[in-house]
Amino acid sequence: MKKYKLLLWGAILPFFLFSCSKWLDVRPEDEIAEEDAFTSGDGFRHALNGIYYSMESQNMYGMYLTWGIPDALGQVYSYSYSMSNELENAAEYEWENKNLKPVLEAMWKETYYVVANCNNLIQQIRDADPDMFYAKSKEKSAIWGEALALRAFLQFDMLRLYAPAPITNPGNRKFVPYVREYPSYVSQLKAVDECLTAIVEDLRAAKELLWKTDSANTFTQGVFDVPGSGESTFLTRRGYRLNYWAATALLARVYLYAQKGNEALEQANEIIEFATTKGAFPFRNNASNGDIKFYSDVIWGLHVIDLSKIYSTVNRIENVRDQHYLEVCNVEGNYFGEDMTQRNGVWQCNDRRFTYWIEDMNNYHYYYRFKKYDEEKSGSYINISNTMVPLVRMSEMYYVAAEILANQGDEGLTKAKSYLKLVKQGRGLRATDNSMLAVDNALSSDDFMNVLINDMRRDWIGEGQTFYIYKRLNKDIPGDRSSIAASEKVFVIPLPDGETNL
């Protein structure tokens with residue numbers, strides 16, 4: 001068994017080397033000694049910025065933990081023109097493959113390194129004097145709450161990847177740790193229910209702390225593009241931070257995964273009420289201004305400085321003789337087919353997710369390129385679009401509520417339909433489009449779930465959530481020509497070698 005300290009000071013010093021005045025541009029600028037790291041508000045801000053910066057890496061949410069490995073496992077892509085061997089291996093669940101195995105190990109190790117950094121920050125801030133912070137207790141609570149929520153978020157994703165879903169009744173078998181101490185020399189593996197309990201506790205505690213900054217009366221609506229500079233920006237551009245509403249959404253996600261529908265609905269309803277009364281997280285079409293990812297309804301997105309560079313490694317189409325790109329798998333059968341129509345030999349669709357996230361290469365109606373992360377060249381929103389990876393969307397809260405309500409009789413099913421139609425309308429679909437009619441024509445909760453899952457797949461192209469739909473429900477995963485049978489061999493990544501103890 002490998003026993004080692006999760007994160008030595010020598011390893012985390014780079015996390016504290018970031019500018020505070022331009023916190024989005026968190027490139028290393030100076031060095032802060034260990035004994036000085038937490039003696040000022042700047043030190044705590046640098047530490048938290050370092051956590052987010054670390055999450056941007058290709059091995060984490062810059063690629064592999066979002067539009068990389070989970071999407072490959074969820075059969076989102078085909079690989080006729082791809083040079084991403086590790087993604088193709090993941091789609092075949094070849095855990096021991098020489099291309100894939102190092103990636104899976106890197107995902108695991110980097111995530112727990114960042115978890116250790118969260119734990120160190122949490123332990124340091126508990127007794128910190130509020131007066132050292134720019135906004136006193138409000139800022140202290142925000143940093144503390146974000147660190148707690150990030151610790152939960154990161155380890156929930158490890159649970160979803162490396163352990164079975166609760167629906168399969170995994171019992172007392174031990175799969176992954178839940179690390180809450182720094183340093184942690186040996187962290188024991190825990191059962192799925194134990195981990196979920198700890199995740200819920202952290203997210204609930206985070207919500208209490210974050211409310212001071214992100215309450216319904218104080219939360220900034222322009223969460224990604226609010227003007228500001230210096231220390232004040234730390235508490236304004238909350239869309240780039242794991243804010244109160246993101247923590248609430250994550251709690252809804254966790255409860256749904258844990259098969260606790262009433263609790264999930266309570267959290268989703270809190271956000272839906274806020275969005276309805278305050279006009280928050282609206283569905284807008286600003287694509288003409290460079291907003292290809294529809295950031296207005298993103299509750300939390302990660303600022304990935306090198307996103308275009310990372311994306312270019314799997315998407316190069318300039319040279320027609322040597323093109324490589326990811327294809328979206330079976331666009332017509334698994335996604336948009338019922339809403340697609342031909343006009344002069346060109347496929348069209350009112351769904352903006354097809355228009356802006358899919359390219360019918362050479363109009364062949366077969367090779368559909370994934371283009372959600374294409375670099376935009378013009379428009380007032382390109383700085384957001386070209387660097388933001390969505391992690392939590394408002395649409396997910398409508399999906400959560402709809403799934404639960406659909407099983408609560410006729411009245412619940414009617415309400416569920418209204419939520420799904422709201423999302424579809426927000427993405428440009430019209431009442432006469434076939435998938436909208438399918439919502440109306442769903443006469444049972446099972447019929448409705450089929451329509452709901454189709455829309456989830458559309459909204460989460462390239463966002464790493466499709467795989468978890470099928471894992472959570474223990475359902476077969478639709479592929480290109482056939483489905484992948486639901487099984488633990490498909491749904492559970494083996495732990496990296498030597499990591500059965502941390």
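Predicted model: local features only at pLDDT ≥ 70, side-chain atom pairs only at ≥ 80, totals over all residues.
**Entry 1: strands**

I count two strands as paired if DSSP finds at least two bridges between them. Strand β4 covers residues 340-343, and it pairs with β5 in the antiparallel sense over four bridges. I found Arg343 standing opposite Val346 in β5. Two residues lie between the strands of this hairpin, and Asn344 takes a positive phi near 55° there.

**Entry 2: a proline in a loop**

I looked up Pro177 and found it in the loop between α6 (136-162) and α7 (192-214). Is Pro177 buried or exposed? Its relative accessibility is 1%, so it counts as buried; the cut-off for buried is under 20%. I also checked Pro177 against Gln188: they are 11 residues apart in sequence, and their C-alpha atoms are 5.6 Å apart in space.

**Entry 3: empty space inside**

Rolling a probe the size of a water molecule over the atoms shows where empty space is left. How many residues line the largest cavity? I noted 14, and Arg253, Leu256, Glu396, Trp460 and Arg472 lie nearest its centre. The lining is made of nine nonpolar, one polar and four charged residues. Helices α6, α8 (244-257), α14 (394-405) and α18 (466-473) each supply at least two residues of that lining.

**Entry 4: nonpolar cores**

The largest nonpolar core has 159 residues, and Met55, Trp67 and Trp300 touch the most other members. Helix α6 gives the most to this core, with 14 residues. Apart from it I found another core of seven residues, including Phe224 and Tyr240.

**Entry 5: cysteines**

I looked for cysteine sulfur atoms within 2.5 Å of each other, and my count of disulfides came to zero. Cys118 is in no disulfide, and the nearest cysteine sulfur, that of Cys195, is 16 Å away. Cys118 has a relative accessible area of 0%, so it is buried. Cys329 is in no disulfide either; for this residue the nearest cysteine sulfur belongs to Cys349, 18 Å away. Cys329 counts as buried because its relative accessibility is 1%.

Terms used
Residues numbered from 1 in each chain as written. Heavy atoms only, no water. Buried < 20%, exposed > 50% of the residue type's maximum accessible area, 1.4 Å probe, protein only. 1 Å grid on protein atoms, 1.4 Å probe; cavity = no way out; pocket = protein on both sides within 12 Å on 5 of 7 lines; lining within 4 Å. Nonpolar A, V, L, I, M, F, W, Y, C, P; charged D, E, K, R; others polar. Core = buried A, V, L, I, M, F, W, Y, C linked by side-chain atoms within 4.5 Å.
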